[in-house]
Amino acid sequence: MNKNSLLSMHDLSTDNILHILDDASSFHVSHSDWQLPCSKALVANLFFEASTRTHYSFVSAELQLGCKVADIQTGTSSVTKGESLYDTVKTLESIGYDAIVIRHPQDAYYKELENINVPILNAGDGAGDHPTQCLLDLLTMQQEFHTLSNLNVLICGDISHSRVASSNKVALEEFGSTVKFSGPKEWQRPGYEMVDFDEALPQADVVMMLRIQKERGAALRQMSDEEYLQQYGLTKQRYERMKKTAIIMHPAPVNRGIEIDSDLVEAPKSRIFAQMANGVLVRKAVIKRAFGYEDFAEGTK
Ligand code: CP
């Protein structure tokens, strides 16, 4: 595996993370402020699951950095003829792609790709990891609180199917922050401290709401959207009980009126769209790192 791959938050030290966030902070969301100095930077995006934010913020970042971009159409690729993930990725490497961004429904799919030499950037693996989402979440928290230590982070909803929950737990605990979880008991995850939403809410610096991942088989006993919102979601009444300085986060897509009241998506405490913008900054930093340029001064401005 290429050492500049980004597969899991487990692979990054706190120093690595801070370095990536520093680099990300030096970029702008819609401005070609840094160009890869190498003439050959051909990137393939290989998405086996639906995506808007991750896919197209990777494309935005790639184009702004001067990469040449191929969006592989997985539905018309030879995957439909039974070709394995390994053979698909090895083929892309063999025909000249220099880095490959992959989203795949299988947890830790990248373990099959150890013999691939070009950098792999994990854009989400099943319920495993979503490292670039976690980095953009960390950047959003850092912008707000100027630290990633001693924060109280409350993650609510479909915990068992969420790669965002697992990636943030790993990273935030490394920084010395506290991460607690709430949601239906059907979606608890072994080793994750579950708390009562209403009791934990007033102490939380960050309230991160999660979508119900029906595509991963999440199902509850019969419950209407309104009942779910009232029992487990962020309602206007709960919003009023948040700390004055607390923020709302959500990896999105948001199911308005289910895990969060629709009016709160753009409320003053919400950073949901700021998170999306930060996704471009973080992905620029991660692509730059994939091509071996860790130091901002090494590129061309
Ligand atoms: N947050 C996130 O991963 O969104 P997409 O599924 O739209 O990429």
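**The ligand and its surroundings**

In this predicted model, a backbone N or O atom of P251 lies 2.8 Å from a nitrogen atom of the ligand, which falls under the definition of a polar contact as a pair of N or O atoms within 3.5 Å. An oxygen atom of the ligand is 2.8 Å from a polar backbone atom of T52, and a polar side-chain atom of T54 is 2.7 Å from an oxygen atom of the ligand. Of the 260 Å² of accessible area that the ligand has on its own, the protein covers 92%, with areas computed by the Shrake-Rupley method with a 1.4 Å probe.

The model is predicted, and local features need pLDDT of at least 70, side-chain atom pairs count only at pLDDT 80 or more, while totals for chains, interfaces and linings use all residues. Residues are numbered from 1 along each chain as its sequence is written, and side-chain values use heavy atoms, with hydrogens and water left out.

The residues around the ligand, each with a heavy atom within 4 Å of it, are A50, S51, T52, R53, T54, R103, H130, Q133, P251 and A252. By class, this shell has three nonpolar, five polar and two charged residues, where Ala and Pro count as nonpolar and Arg as charged.

**The two domains**

The domain assignment, which is automatic or from a database, gives domain 1 (9-129 + 277-290) and domain 2 (132-272). The shell around the ligand draws at least three residues from each of these domains. Their C-alpha centres lie 26 Å apart, and 30 residues of domain 1 are in contact with 26 residues of domain 2, contact meaning heavy atoms within 4.5 Å.

Key:
Polar contact = N/O pair within 3.5 Å; in protein donor to acceptor, adjacent residues only side chain to side chain.
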